[in-house]
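Subject: Structure handover

Hello,

Here is the structure for you to look over. My notes follow below it.

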Amino acid sequence: MDQARSTPVNQKMRIYILRAVFILILPLILFVQPKFAIGTFEHEVVEAIGILFLLAGVFGRFWSILYVGAVKNQTVMTDGPYSMTRNPLYVFSTIAMTGIGLMLGAAFFAILIGGATFAILYVTAKKEAGFLLHEFGDDYRAYAERVPFFWPNPRLYRTAADVSFNARSLRNNLFDALGFLVAIPIVELIDQFKSAYGWSLFSVF
């Protein structure tokens, strides 16, 4: 194996790419109206479903960090959410971002934001898999043969009776969670902007 394969993925680069993509799609978010007008019952229902997705994603990220925070890149974690998917943090991040899209009132935004997040995190996860295979060899290979790469299989769930957690990782994840949750007031501001100016390129479901 070459040396590059033994280097952990640069997580800051992943964050920068996600931010850049969000900036690129921001004009669409601001100037494309949902078919269900802001303030209508239908729009509020879609927004509420989005909030549920967002909260599920945030909760799932906490759950995943409880298991992997203390041992990330040090061993092959196979318990808890990691028994159902090899990348639960990325799965739950995708769910949360899809929820933010739904909070904007249309499936179009959910597909746009959730799809972009999925694509970036999927590529990142592939690179991480190469690192883990290099580091842990047969242990990771056996794990990969048993557990899905991305989409979870709940029937595989298992966990140890006792789980230790890393306080620093959990604290960092708390700040990440706040970053996700700040989307709720931001979406409200976007809705107010759209209602005030009422101009759009087109409308979408």
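Start with H3: 14 of its 16 residues are buried, so this helix is largely enclosed by the rest of the structure. Buried means under 20% relative accessible area, exposed means over 50%, and partly exposed lies in between (1.4 Å probe, protein chains only). Helices are DSSP runs of H or I with at least four residues, numbered from the N terminus. The length of H3 agrees with expectation, because its 16 residues should span 22 Å at 1.5 Å a residue and its end C-alpha atoms are 22 Å apart. The expected span is 1.5 Å times one less than the number of residues. Just after H3, glycine 105 takes a positive phi of about 100 degrees.

Some ground rules. This is a predicted model, with local features needing pLDDT of at least 70 and side-chain atom pairs counting only at pLDDT 80 or more, while totals for chains, interfaces and linings use all residues. Residues are numbered from 1 along each chain as its sequence is written, and side-chain values use heavy atoms, with hydrogens and water left out.

Cores

The largest nonpolar core has 20 residues. Such a core is a set of buried Ala, Val, Leu, Ile, Met, Phe, Trp, Tyr and Cys residues joined through side-chain atoms within 4.5 Å. Val68, Tyr82, Leu89, Tyr90, Tyr140 and Tyr143 have the most contacts inside it. H2, H3 and H4 each give two or more residues to this core. H4 gives the most, with 8 residues. A second, separate core has 18 residues, including Val32, Ala96, Ile113 and Val187.

Tyrosine 82 has contacts (heavy atoms within 4.5 Å) beyond its neighbours within four places in sequence. Among them are Tyr67, Val68, Leu89 and Tyr143.

Salt bridges

There are 3 salt bridges, each a side-chain nitrogen of Lys or Arg within 4 Å of a carboxyl oxygen of Asp or Glu.

- Aspartate 176 pairs with arginine 61, with the closest N and O atoms 3.2 Å apart. The pair links helix H5 (residues 167-181) to helix H2 (residues 41-68), 115 residues apart. Aspartate 176 is partly exposed at 37%; arginine 61 is buried at 12%.
- Arginine 158 pairs with aspartate 79 at 3.5 Å. Arginine 158 is in the loop between H4 (107-146) and H5, and aspartate 79 in the loop between H2 and H3 (88-103), so the bridge ties together parts 79 residues apart in sequence.
- Arginine 141 meets aspartate 138 at 2.5 Å, N to O. Both sit in H4, 3 residues apart, or about one helical turn. Aspartate 138 is exposed at 58%, and arginine 141 is partly exposed at 36%.

Aromatics

The structure holds 13 aromatic pairs. Rings of Phe, Tyr and Trp (its six-membered ring) pair if their centres lie within 6.5 Å; planes under 30 degrees apart are stacked, over 60 edge-to-face, the rest tilted.

Phenylalanine 31 and phenylalanine 193 are edge-to-face, at 5.8 Å and 70 degrees. They link helix H1 (residues 11-31) to helix H6 (residues 183-197), 162 residues apart. Tyrosine 140 and tyrosine 143 have centres 6.0 Å apart and planes at 65 degrees, so this pair is edge-to-face. Tyrosine 140 is buried at 6%, and tyrosine 143 is buried at 3%.

Ring pairs also join Phe118, Tyr122, Phe149, Phe150 and Trp151 into a cluster. Lysine 126 lies over the face of phenylalanine 149, 4.5 Å from the ring centre. That label needs NZ of Lys or CZ of Arg within 6 Å of the ring centre and within 35 degrees of the ring normal.

Best wishes
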